Amino acid sequence: MSSSEIQINPLNPDGSPKTPKQIEKEKKKAEKMAKFLAKKQKQNQNQPSQKSKTQDQNQKNQATAPKKETDAVPEYFPENKPGEKKILPPLDHPSFKSYSPTNVEKSWYEWWDAQGFFKPQLTEDGQIKPEGFFGIPAPPPNVTGALHIGHALTVAIQDTLTRFYRMKGKTTLWLPGFDHAGIATQTVVEKNLAKQNIYRKDLGREKFVEKVWEWKEIYHQKIKNQVKKLGASYDWSREAFTMDPNLSEAVIEAFVQLYDKGIVYRENKLVNWCVHLETATSNSEIENKNIPSRTLLKVPGYTEKVEFGVITSFAYPIVDSDEKIVVATTRPETLFGDTAVAVHPDDPRYKHLHGKFVQHPFLDRKFPIITDPVAVDMEFGTGAVKITPAHDTNDYETGKRNKLDFINIMTEDGKLNENCGTWAGMKRFDARKNVIEALKEKGLYIGQNDNEMVIPTCSRSGDILEPYMKPQWWVSQSTMAHNAAEAVKSGKIQITPKFAENDFFAWCNNLHDWCISRQLWWGHRCPAYFVNIEGEFHDSGDGRYWIVARNLEEAEEKAKVKFSDKKYTLEQDEDVLDTWFSSGLWPFATLGWPKNSIDMQRFYPFNLLETGWDIIFNWVLRMILLGIELTDNVPFKEVYCHSLVRDAQGRKMSKSLGNVVDPLDVIKGISLEELNKQLTLGNLDPREIEIAKKGQKDSYPNGIAECGTDALRFALCNYSTGAKDINLDILRVEGYRKFCNKIYQATKFALMRLGDDFKPEETNKPTGNESLVEKWILNKLNQASKKINEGLENRQFMDATNSFYLFFLNELCDVYIENSKYLILEGTPEQKQSARNTLYTCIESGLKLLHPFMPYVTEEMWQRLPRRANDTTPSIVVSKFPEYSKDLEFIEEEEDYEMILDTTKAIRSLLSQYNISKHGTVFVECSTKETFDIVHQQQELIVSLIKAVEQIKVVESISDIPAGCILQAASSEINTHVLLKGQIDIDQEIKKFQKKLDKSIAIKTSVEKIMDGKDYNAKASERAKQNDTERFEKAKADIESLEATIANLEKLKL
């Protein structure tokens, strides 16, 4: 196992992050253990023992040494109608002889939904069940396109928890929905229409919005089909869309209430403006590009690339003086909006200029030299700074402090406006080049230098964002942020992992007012009306002339009161609200707010909000802010933030890299050729497509094999450790498909062992007839139930999946099913019945334990099991989840059986080591009466597990062991002996082992020579050093083992 395959939980039990030192220490320990287990597994490869208990090693074995693939399984076409219960063909049917995800997963989802299993189950009088309530408001995916693997992670985690709590007997509600995603959807639709030479402004608002609704219907259904395929047990009867009439009513009500409280207000302030889309953008739409030095970038609307990463110095002439003052800027075109030059009040270079003015080089305008210790660092550059309050975030604050003029120099489409004189109408980046040339002509140009900088770009259009003054609607957040922070500090809301909670508090402590206006056509139109008073002009940034109301009629009534002596008309704001505003209302608007609905009374607040940590600010925080403010209660009690999914190399998923994964492609499988074709359906340009194709070939050279929903869900849950990132390797998902096959085949085998006439006991309580191996597996089942329950309750998904994997594969399949064969086939009637009952209990409980992770294969196989008396449960979906039971606790018996396994192991090791394949003579020496009794009682079991022996003799003293035996300790109280004299040719065996010894000595000598070489430590890579060390240690261990073996054989000759 390579170090890259070792996974370490990055969190301590209390949820705090481990230090890098802790993680490195645990990783080294895990690597050492993995090497040891791998060596032991190789030594004991023919033994019927538990396999290595490290799941990653099992996965590697599955992935690298797969069994020969069976012939393709024919597709099954269900005999039942959609929505009806699946008619199960016999397991010898051609479509069900082997595991096929496609065939197994058919029909179940439609039946579950039709039966109402996903709806909240209430008491007869309509109340929450005594077991309690568990609810999740599903994060609404954007109707912009198909889902990606990150959405699949969200579904896997949330559905696992919902199914778990449903099986625990709780009333559960997982409420689904979709987000209109204003700017994202409008941008995608505009790009799609542009391919047909159709443009938004040509269509007009009404026609364009119709086009967006058409898009929404197509992709809404596509996404819905995807989540259904993923097995999401949503209550579809409560499905919501952020622009549904009831949710739109909630948006209007929230805006009006917040305005009436003074929280929403109107003001002309700086926003992040996208020139290409002509709208303000939110922080979530900003992608910051790091520019190390002079760089040419492609900008929408320009045929030539635009230069960034340079700083330009130029001089302003001092009025009534021959002096000049030098300033520097990365945006020369903004000099038209300069209204001051700032210097530090203590800078001796400029004290004589305090209060003086500079002359604008291109306009008939003068502006002052001001002093400002906040805006100016004397040690940086010339110590003089140009101030452009209307087009720079820092300068905006400087302008407010010094009461400067705010001059807007740009139109909404990115051209210089009338405030720029003869330059009006020139595009901003064309103006940049021309300004520099004009400064040179006037002798004011000083020079340019490379300048590392960060360029804010619009993620939707790729345009360079512009700080821009515009009257907008804003939300004051400071008081709400304080309340939100207190809700978390007081424990009303719990946020995990710990790093996510820290991020939450950081945002609360640095929260600025929120611009909620967007200059789009798709979205919730602002419920605000401007009062146009006859004969008067008023700026739209003046909030006094706006009426906020739920509808036009209410606005008219309010206007009559406020402007009773005026003639006026009302004009509704053309802008729409930021998508995050409506999304922030999601947990309560979906339950009927602002009405005091039955759902609000029953289900609010939700128990859990599960989402990615990257939207703590944009979504989680805003839901808490608005929830507390509008409902006087928290919207949910717990926030669990899952990891972000990256590719196997740790890269962010990106269409241009070709590593974006559609979950349906993993479920159904897809060829490399088909993956390539998908790239042509998006908005990538031809050059990006070629780069993406190369990325796909590197990541998926053979395409993606059919893995099925169950394998994908289990893999994603197993990856969920609470870390910030997941590096998803599709090969690992393929490994879990093999695990699905193991579950399918093991259940199929169990059904054969049980027989058609088998009737299980009424309960899973032991009957008293259980053998030692049965008590061992029942205790293992009990422990697994406990660990899986604890794992899911504590959101430790990796621990829960590992616990099941270990139980089912290593303990149930590899030990119990194998080791109970003789009881079922050759035991007494009582032994046969007991062993079958135990097998049934383990399979039935195992399928239930697995169901939240793998809903399809568990339902398919559970439906084939016989039922206990009086069990009328219609589906595993609503069956009872196994829990720890005192009745199934067999701690001492587990220890006793482990001793039997160790004894068997030791015997098999000796027989294998000396190539004894039949008629072996074995003695088991027990040093205590207790161990003697246990081994003596189980000797028939031991014999049944070892093909090379027909009987063993259990003795209490070494004196009972004949000469000519070889020994291996099984434990501190048990030694195993195998008679070699007369069984093997000792001289021949010595020669064989001597050859192996000579080879190991040669390897050790060769590696030593390399490691002792000159400059080895300096020149060899760390990987080479590690490999050499491992080879040396292995050779050394092999030499010690072989020398001991030869010495033992020599003794037998005496």
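Which domains does the domain assignment of the protein give? In this predicted model, where local features need pLDDT of at least 70, side-chain atom pairs count only at pLDDT 80 or more, and totals for chains, interfaces and linings use all residues, the assignment gives domain 1 (129-263 + 476-515 + 583-644), domain 2 (281-468), domain 3 (753-889), domain 4 (895-984) and domain 5 (988-1052), with bounds that come from an automatic or database domain assignment. Residues are numbered from 1 along each chain as its sequence is written, and side-chain values use heavy atoms, with hydrogens and water left out.

**View A. The interface of domain 1 and domain 2.** Six residues of domain 1 are in contact (heavy atoms within 4.5 Å) with five residues of domain 2. About 480 Å² is buried between domain 1 and domain 2, and carbon and sulfur atoms give 62% of this area, which is the accessible area (1.4 Å probe) that two parts lose on being put together, summed over both. On the side of domain 1, Ile 183, Ala 184 and Asn 618 lose the most area to domain 2, together 64% of what that side buries.

View B. Strands are DSSP runs (E, at least two residues; helices are H or I, at least four), numbered from the N terminus, and two strands pair if DSSP finds at least two bridges between them. Strand β14 (residues 366-371) pairs with β12 (residues 340-343) in the parallel sense over three bridges, and Val 341 stands opposite Ile 369. Strand β13 (residues 357-359) pairs with β14 in the antiparallel sense, and a hairpin through six residues joins β13 to β14.
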